[in-house]
Amino acid sequence: MSKIVVFLFLLVAFSNQLMAVEENAAKVRVLAIDGGGIKGILPGVILEQLEADLQKRDPNARIGEYFDVVAGTSTGGLITALLTAPDPQNKDRPIYAADEIVKFYKEHGPSIFTPNIYCYCTGLCPVFDGKYLRQVAAEMLGETLINQTATNVVISAFDIKLLQPTIFSSFKIKDVPHLNVKLSDACIGTSAAPRSFPPYYFKYQNTEFNLVDGLFIAPMPANLAINEVLRQEEYKNREIILLSIGTGNTNTTSPGFDANRTWTVTDWEKSNLTMIEAASSTMNEYRINSTFKLQPQNYLRIQEYNLDPSIGSADASKENMDKLVQAGQDLLNEPVKRMNVDTFVPEETGEGTNAEALDRLAQILYEEKVRRLGKRASKLKRGFFGALSAIY
């Protein structure tokens, strides 16, 4: 074997060993986006600001390049797909920028949320037929599979035939190949909100999927994303940085239901869903806050806890969408808040505004990326001289 062949072999070996050591020390960067229909505009505004902050440091930055994992449920799953769909000319770079999220909702929202008058009036079928959503998702995401996204994704749905969660995760497809579906199918499945859209059926690798909205299992997908990360050996004992973005809660201080009266079966039927949704939302924040209690600097939750009650999640009128854009802009100027795990009341953290917190996060993300690139260059250099010295 010639010295050149030996040199190349040893160069690869040295480089791979050094890269493995460095990757184990890298921070795990996680982005998670809640569900909420057309209210996806609100996190769209937040993400646009984050990408602008990144571009002050890296003019060509795309959010998908700065996170190791992007997770979403329902409309958050759709945003996840837009942020991670690869550029055909550069598979490692997302094709869509963050400023295209709000444009997407404004352009396609009215067609997605056009009600079927018969269904709306009779209640005999979902209010929206979902055909336009399926069409536009297929057009924008093409044939991209889960394992072809620009970074790792976690998108949740619920299979109504199996009565169990379906989690389209870049990590799971290694052991469960039939979850490596088209990104567009995962999007449509996670967005099939009960009463609003029909369940979504499709088949992949002889496996049938009967899916509805991921809100059933992960109304706050940050928990799901963190669990997926913690299950990976490659991420073991690594520091996690989490950005979790909500789509707004309406007036959480309003009164609920009075127990000091006689309750009927009808009272329970009317209140059950409201109570379950409220409890689930609060407990999800409780779990994440508890997880990051010892490292609060690594967790940023941006959520509007007192959203204008006139804003609807299925209202794609210009007025409603403009209100959401304004709500997102206002939220940037509001102080950072975090749920108190004892009182379940959001409290100011003293960390400045959400916009200031995003800028600090952008600096952390940028430094992490530069550090990784620098270490890789250094490793290649060390690998070169290591291989050279091994054969001479």
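Between which two strands does the loop holding Leu163 lie? The close-up views below come from a predicted model, and the first of them gives the reply.

**View 1. Leu163 sits in the loop between strand S5 (152-159) and strand S6 (164-169).** Take a look at the backbone here: Leu163 has a positive phi of about 55°, although this residue is not a glycine. Is Leu163 buried or exposed? Leu163 is exposed, and its relative accessible area is 63%.

**View 2. Gln205 belongs to the loop between strand S7 (200-204) and strand S8 (207-212).** Here is another residue other than glycine with a positive phi, this time near 50°. Gln205 has a relative accessibility of 49% and counts as partly exposed.

**View 3. Helix H6 (residues 131-141) has a buried side formed by Leu133, Val136, Ala137 and Leu141.** Looking down the axis of H6, you would find these buried residues within an arc of 110°, so they line one face of the helix. What do they pack against? Their neighbours are helix H3 (75-84), helix H4 (99-112) and helix H7 (183-190). After H6 comes Gly142, with a positive phi near 60°.

**View 4. The largest nonpolar core brings together 74 residues.** Leu31, Leu47, Phe168 and Leu243 have the most contacts inside this core. Which helix gives the core its largest share? That is helix H2 (residues 41-55), which supplies seven residues. Apart from this core lies another one, of 21 residues, including Val30, Val69, Phe171 and Ile226. In soluble globular proteins, nonpolar side chains tend to be buried together.

**View 5. Phe168 is one of the residues with the most contacts inside the largest nonpolar core.** Leaving aside residues up to four places away in sequence, Phe168 touches Ile146, Val153, Val154, Ile155, Ala157, Leu179, Val181, Ala186, Phe202, Phe209 and Leu211.

**View 6. Strand S10 (residues 299-302) is covered on both faces.** Tyr299 and Arg301 lie on one side, Leu300 and Ile302 on the other, and all of these are buried. In a regular strand the side chains alternate between the two faces of the sheet. In which sense do strand S9 (residues 240-245) and S10 pair? The two strands run in the parallel sense, paired over four bridges. To find your way along the pair, look for Ser244, which stands opposite Arg301 in S10.

Note on methods. Residues numbered from 1 in each chain as written. Predicted model: local features only at pLDDT ≥ 70, side-chain atom pairs only at ≥ 80, totals over all residues. Heavy atoms only, no water. Buried < 20%, exposed > 50% of the residue type's maximum accessible area, 1.4 Å probe, protein only. Arc of directions from axis to C-beta. Contact = heavy atoms within 4.5 Å. Core = buried A, V, L, I, M, F, W, Y, C linked by side-chain atoms within 4.5 Å. Pairing = 2+ DSSP bridges.
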